[in-house]
Amino acid sequence: MLVTKQQDIASKIPYKNNINCQTKNNYLKNLKAHIAALDGQVSRQSMPLGIESLDSALAGGLALGRVHMLCGMMQAHAAVSGFVSCMLMRLLAHLSINGKAADKAAGPIVWCPASGHGGAGMLYGHGLAALGLDPARLLIVDTPNPVRRMAALDDIVRTNGLTAVIAEYDGMQKSSDHWMRLMRRTQLAAEASQTTVFLLGAPIAASGCETMWHVAPAGLVDNAVGDAAISAPQSWRPAWELTLQRARGGYRFHGYAGWDAAAGQFVELAGLVPAQTSELPLYDAPIHHLPVPHLPVPQPAASCMPHHVATSQHEMWA
Amino acid sequence: MAATYRHIIYIHFPYLAAARIRRNTAVTRHPMVFVQPVNGGDRVAACCPLAARYGLAVGMRLADARALCPTLQTHSYDAAADRADLRHLALWARRYSPLTASDECANGIWIDVAGAEHLFGDGRSLMADCARRLRQAGLRVRMAAATTCGAAWGLAHYARRPVSCCSHDKDMRQKLSALPLAALRIEPSVIAALQRAGLHMIGDIMTMPRAPLTARFGDHLLRRLDQAYGDVQESFCPIEPVQPLIVQRNFSEPIAAPSDVAAMVAYLADEMARLLYHSGMAARRLELGWQRVDSGCGHKYIHLSRPSRERDLLHRLLAGVGDGINPEFGIETAWMQAHECSPLTPVTQPLRHMAAPTDAADAESYANLIDRLVARLGYGAVLHIQPLASWQPEAAQKTVLPDPANRPIKNPAKWLGSGHDITAPPRPIRLLAHPHPIDVVALLPDHPPAQFIWQRRIHKIIKATGPERIAPLWWVAPAGTKSRDYFRVQDDNGARFWLYRDGLPERGETAAWFLHGFFA
């Protein structure tokens, strides 16, 4: 078997005596492709994220049907959850466009959040819907114990017909050996079912995943545009500082990205500078805002209830 | 004459509904009636013995009943519960004979005890035993034994004595003649017409020529008469009990080793799958039970998201169950019973969620996944989220169990901000179940915060929007619940938070600050 493979490689090697630059590149390319084929990566599907520099660092795009690790301080902010939500929207859009070709329509998404302790909080449908992700797609697996959650992961990923599986591993103290085995098992299951898996949690020394990211909120303000632009709703659109620490077949990347909800795609944030913490806070609501009218003291009379509900109980001064 | 010997007992329960109420709630000394709207007015559908003593009767208007008895308690009449009780009683009566039936129209049960009397001595002692047991259960009974269904029915309802027994055919004919016409199970309009003609008793029409009666009232009257006297055969359709689907395993030696317990569970799963297959049924709930040598029993339930009988599925669901069984000194008997069974239908539309995959095979494996996760992680661990129409952030989302019978909601609430509604108020993507208290520095009491301390870290705020004022649900919230002013803030690291001030300073309320959620 080995002999035939070597012969196979040898047959692809061009004539060695007059090696110039072009043939050398071709030779390396063929060899790489062949190794990838032996590695079982020939049917690799990928989804471009829409940011050119990031896509080239990912060797064409985010590999589907693989395990990706998105690390960050899950309990201090929701940047990782936000980034993975936007990634899911991108994935759903990608599948709906290429669904027929890939013979795979968008299925449900299983999310195993660590909402029990610490403070990451439960997924909130209104916020996800405002971001653009339909909460009806989510099947939430809510287990406080991270070890049981991760033990169930293999079973979930093996299921056919899921679009993506997101698992948060926060709070699990295991050896790197354990992680390696878990990663390998999950990777095999993901390849079998063609489900894309995202593992979210604090940075750990784990290997075996397709890509490893570090996601932090982007502490940026747009100095170029000036204060007036800050009050625009765009200034609240999600922005992250992305570090691609490892990507199979790709290279490291560091940059800033945002999410354009209207267009449903990632945007590169250039021209932004880190915020100066010494400067005065910028408020988009006027500090001397409108005097808040005194709400009428609620009387439990049935006739005034609808009026009450409509006007004075729920008002927004934004 | 009847062609074969028959011995029919009819038991009438005049106060079945009242007995159910007395059984389930504390005993009151007030008369009670059960009312049912008939033709736009409330009428008495059933009453209790005490109310009957006041002169109340079935069919009376509620207003008349109240006039007779001012301390009357009224309940709404539950016909379905009566039917279920009668069915239970008919099943219970199978201890006397395999042929029993419930008479739902007249609150009674039939028992055909022909050939079974000797097991209890004779017919009279059988009836005495039956009456004693029913009275001990708190039921008032009227019962009669006769050679025909019709005679037993009439005697039980209208005989003077609560227990009547016809020793022979002549005796039965005599007793029947003395009964009112209603004992023939004929329509009230026919009874009224006969009474206008001066005919009140069954004996009165027995002597009448038959042809004019048939011409005037149709053949129903005479057929009932013949049925009562046994000139026309009448039978009832006996009730058929549902056989429980149960498999059992007894061990010659008590088992305690974990491997043996696992093998026991696997064996029961195998047998159950085979039993379900042969009976053509699928179960939604399985009960695994075991008995230890010290007679202690235990059981576990395994829920399925839809009826199933697949052997592999049962094996997977039961895979971890054996570990949770504590055999102590050993298990000597184990059984598995299928509940909520239904005839198996192929999966055509397994889950009506939007989340469910469109492909049938994928939908099946998705449903199986839900089953496995529920079996593995517990019943409340697998959820869907649904919007609720409430402006209280914590009440605006509910979690529901994924269920195949998830019917579409009538007026579904919408997610705020869905469809890129930029006018919607901002909502975080993760919400804390219990808001965390934070220390806040603000320029003035009603200003947005300038910085806050959470988890011993200082977050300097560079951007803030707000306030969005959310008042409590004043008609349900306890007194003293304050309005909240919500702010969306961003700290110098770029993290976005949803903070609120509990209490309005401009109203003179003391304010406290909380962190409630995180934005993307």
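**View 1. Strand E1 (residues 8-12) of chain B beside strand E7 (residues 142-146) of chain B, running antiparallel and joined by five bridges.** The model is predicted: local features need pLDDT of at least 70, side-chain atom pairs count only at pLDDT 80 or more, and totals for chains, interfaces and linings use all residues. Residues are numbered from 1 along each chain as its sequence is written, while chains are lettered from A and ligands numbered from 1 in the order in which they are written. Helices (H or I, at least four residues) and strands (E, at least two) are DSSP runs numbered from the N terminus. B:Ile8 has B:Ala146 of E7(B) opposite.

**View 2. The open sheet of five strands in chain B, ordered E5-E6-E1-E7-E8.** Its pairing is mixed. At the edges are strand E5 (100-103) and strand E8 (163-165) of chain B, each of which pairs on one side only (two strands pair if DSSP finds at least two bridges between them). From one strand to the next, the twist averages 15°. Helix H6 (residues 149-158) of chain B lies across E1, strand E6 (108-112), E7 and E8 of chain B. H6(B) runs at about 150° to E7(B); angles run from 0 to 180 degrees between N-to-C directions, with axes as lines fitted to C-alpha atoms, for helices over the stretch in contact.

**View 3. The open sheet of three strands in chain B, ordered E3-E2-E4 with mixed pairing.** Strand E3 (41-47) and strand E4 (73-76) of chain B are at the edges with a single partner strand each, so one side of each has no neighbour in the sheet. The twist averages 45° from one strand to the next. Strand E2 (residues 32-38) of chain B and E3(B) run antiparallel and are joined by six bridges. B:Gln36 has B:Arg43 in E3(B) as its bridge partner.

**View 4. Helix H1 (residues 16-24) of chain B packed on helix H4 (residues 79-92) of chain B, with axes 10 Å apart.** The angle between H1(B) and H4(B) is about 90°. H1(B) is therefore roughly perpendicular to H4(B) (under 35 degrees counts as roughly parallel, over 145 as roughly antiparallel, 65 to 115 as roughly perpendicular and the rest as oblique). From H1(B), B:Leu16, B:Ala17 and B:Arg20 meet B:Ala81, B:Asp82 and B:Asp85 in H4(B). The contact of H1(B) with H4(B) has three nonpolar, no polar and three charged residues (Ala, Val, Leu, Ile, Met, Phe, Trp, Tyr, Cys and Pro count as nonpolar, Asp, Glu, Lys and Arg as charged, and the others, Gly among them, as polar). Two residues are in contact if their C-beta atoms, placed from the backbone, lie within 7 Å.

**View 5. Helix H10 (residues 210-217) of chain B against helix H11 (residues 219-229) of chain B, with axes 6 Å apart.** The two helices pack at an angle of about 130°, and H10(B) and H11(B) are therefore oblique to each other. B:Arg210, B:Leu213, B:Thr214 and B:Phe217 of H10(B) meet B:Asp219, B:Leu221 and B:Leu222 of H11(B). Four nonpolar, one polar and two charged residues make up the contact of H10(B) with H11(B). After H10(B) comes B:Gly218, with a positive phi near 80°.
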